[in-house]
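Please find below a short note on the model under review.

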Amino acid sequence: MSTPLEKWVQEQAELTQPKSIHWCDGSEEEARWIIKRGIEEENINGNPVFYRLNQDLWPNAYLHRSHPTDVSRTEHLTYVCHPDKETAGPTNNWMEPEKAKNMLRQLFNGCMKGRTMYVLPYMMGHPDSPFAKACVQITDISYVVASMRIMTRMGKKAIEKIGNSNNFVRGLHSVGDFNPERRFIMHFPDENLVWSIGSGYGGNALLGKKCFSLRIASYLGYKQAWLAEHMVIIGIQDPQGNITYITAAMPSACGKTNLAMMESGLEGYKIWTLGDDIAWLNIGPDGRLYAINPEIGFFGVVPGTSSKTNPNMIKTLKGRNFYPTLFTNTALNLDTNEPWWEGYDTPCGNNMVDWQGKPWDISSKTPAAHPNSRFTVSIYNTPTLSKEFDNPYGVPISAIIFGVRRTNCIPLVTEAFSWKHGVFMGARCGSETTAAAEQKVGVLRRDPMAMLPFCGYNMADYFRHWLLMGTRIKNPPRIFCVNWFRKDENGQFLWPGFGENIRVLKWMLDRISNRIGGKETPIGIVPMPQDIETSGINISSEKMEKLLNINKQEWQQEIKEIKNFLDTFGTRLPPEIWQEYQKLYNQLQ
């Protein structure tokens with residue numbers, strides 16, 4: 001008698017018609033076999049899936065080149081298919097579920113002919129965690145298999161967890177023919193189901209990541225009273241050895257990974273890494289908010305990563321581990337067989353090819369590495385990995401940070417007056433866009449809680465869920481907003497960033513423990529300039545004033561744009577959000 005899992009896999013095989021089926025066990029032996037297959041296997045564009053890099057300098061590292069049209073999230077082709085459009089909300093693309101499935105069945109029909117179907121059973125979260133979820137993804141490309149093994153707890157434990165039950169998240173993926181006209185990422189939250197075709201890019205193809213751990217999981221959290229968030233999780237150790245755990249929501253390419261692995265610029269302070277991208281937040285038995293990272297790997301942006309900006313990530317990428325390290329769409333130094341990207345420690349070589357394998361030199365007008373080129377690497381390589389990382393119950397959270405990327409208007413750091421005000425602060429967040437999204441770089445867009453592309457239901461209900469969670473948590477975490485990216489009139493960054501961001505985190509710790517005051521402004525509590533520790537860095541009092549300044553003229557424009565965004569949710573928006581908006585509006589007048 002077939003289990004529900006076996007029956008589902010058989011149904012997908014009948015639809016996609018693969019040459020063979022391989023059930024993955026997650027073993028090291030299998031991982032070596034998958035990489036070997038990828039080196040020998042060709043993509044649709046005629047290139048091998050993997051190129052072996054210099055194993056002496058980059059242990060167990062390989063390069064992957066994606067299809068030229070397949071280099072970032074495709075938000076305009078990503079759908080959330082609730083039974084009704086209103087539940088999906090104005091920030092999601094929507095299609096009626098049965099219409100979507102009928103279209104997808106045609107696209108998936110026979111799409112794996114001549115290929116291997118890989119069945120990937122995996123856990124999001126520690127198998128012993130009460131918050132973990134059992135999942136299964138089907139795919140037809142070794143790149144996804146290797147990546148999912150790095151990013152998730154893949155193997156037989158997931159099958160044991162599922163057993164004879166029907167309680168597992170299903171994901172069906174095929175690269176198809178990589179044609180953007182036949183590329184869709186479809187979510188069916190009411191069925192815990194994702195179908196993705198036409199893309200091999202991380203967020204579109206590694207279905208345990210954004211598709212399940214955020215879009216599907218956010219809706220699960222809404223129904224089950226927890227939160228799935230696009231957040232870093234770190235522990236901050238002070239000179240006395242106390243560790244305070246915080247989460248931070250930031251849009252892609254806005255410093256999340258750098259924050260997660262920060263090398264502190266203040267003596268006596270240390271950062272412990274628990275995650276750089278996703279946090280599942282549950283209320284523990286003691287009434288406090290606890291966070292787990294459902295992943296076990298990093299899928300980070302490569303350009304700009306160096307021993308100066310993120311020394312711990314460079315150590316992680318060069319670490320020796322039984323998980324491989326994958327680079328996607330970086331350049332390649334043919335003389336040394338090393339990956340290379342803009343912002344790396346060493347200058348480019350004399351014999352280079354770009355991210356598409358085309359000859360490149362310093363005079364070329366295009367970047368060598370794609371601006372959204374990526375690394376996929378095991379978190380267990382991390383020299384700063386927290387000893388609490390595998391704690392099935394997670395860590396207690398004392399603060400939540402919303403990070404934005406703005407050249408003006410938003411101060412270096414602001415503390416919310418209350419949980420309700422903090423939810424409004426998160427709801428109004430806006431950042432200048434980066435290469436992780438398929439649109440013009442540098443355009444301001446509202447991105448509440450850094451979840452705009454990832455919330456699996458109506459964001460008005462999402463704000464209401466946040467407000468309700470605050471009433472359920474005993475002593476809710478403090479909420480802050482940070483902006484490391486403010487510039488002066490000459491276009492130069494005012495704040496040094498990177499490891500010096502610990503100075504802002506120190507102010508937050510002092511606020512959490514009520515050791516220090518702050519200045520009340522219309523938008524929240526900001527530090528007095530002298531309360532940010534600046535000894536040892538070259539930053540003038542004039543710069544600090546600019547970093548913390550609230551420019552009323554800029555905020556008059558900002559408040560109009562906030563209203564325009566909030567208006568898109570109509571009468572569904574919680575009244576508490578409008579109350580906080582009105583308070584801000586009145587104070588700015």
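Which order do the strands of the open sheet of 5 strands have? The points below begin with that sheet.

1. The order is β2-β3-β18-β23-β17, and the pairing is mixed. β2 (51-52) and β17 (297-301) are the edge strands, each pairing on one side only. Strands here are DSSP runs of E of at least two residues, helices are runs of H or I of at least four residues, and both are numbered from the N terminus. Two strands count as paired if DSSP finds at least two bridges between them.

2. This is a predicted model, in which local features need pLDDT of at least 70 and side-chain atom pairs count only at pLDDT 80 or more, while totals for chains, interfaces and linings use all residues. Residues are numbered from 1 along each chain as its sequence is written, and side-chain values use heavy atoms, with hydrogens and water left out.

3. Arg52 stands opposite Tyr62 in β3. In general, strands of a sheet pair through backbone hydrogen bonds, either parallel or antiparallel.

4. Thr330 lies in the loop between β18 (325-328) and β19 (331-333). Thr330 is buried, because its relative accessible area is 0% (buried means under 20%, exposed over 50%, partly exposed in between, with a 1.4 Å probe and protein chains only). Leaving aside residues up to four places away in sequence, Thr330 touches several residues, including Leu63, Val302, Trp340, Trp341 and Trp355. A contact means heavy atoms within 4.5 Å.

5. Ile21, Trp23 and Ile159 make a nonpolar surface patch of about 240 Å². Patches are made of residues with over 30% relative accessible area and no salt bridge, with like charges joined within 9 Å and nonpolar side chains (Val, Leu, Ile, Met, Phe, Trp, Tyr) within 5 Å. A salt bridge is a side-chain nitrogen of Lys or Arg within 4 Å of a carboxyl oxygen of Asp or Glu. Ile159 sits in helix α6 (residues 156-162) and is partly exposed, with a relative accessible area of 32%.

6. Overall, the protein has 16 helices and 30 strands. Buried residues make up 61% of its 589 residues. Of the contacts with a separation of 6 or more, 72% join residues 24 or more positions apart. The accessible surface comes to about 22400 Å², of which 48% belongs to carbon and sulfur atoms, by the Shrake-Rupley method with a 1.4 Å probe; for residues, only the protein chains shown count as cover.
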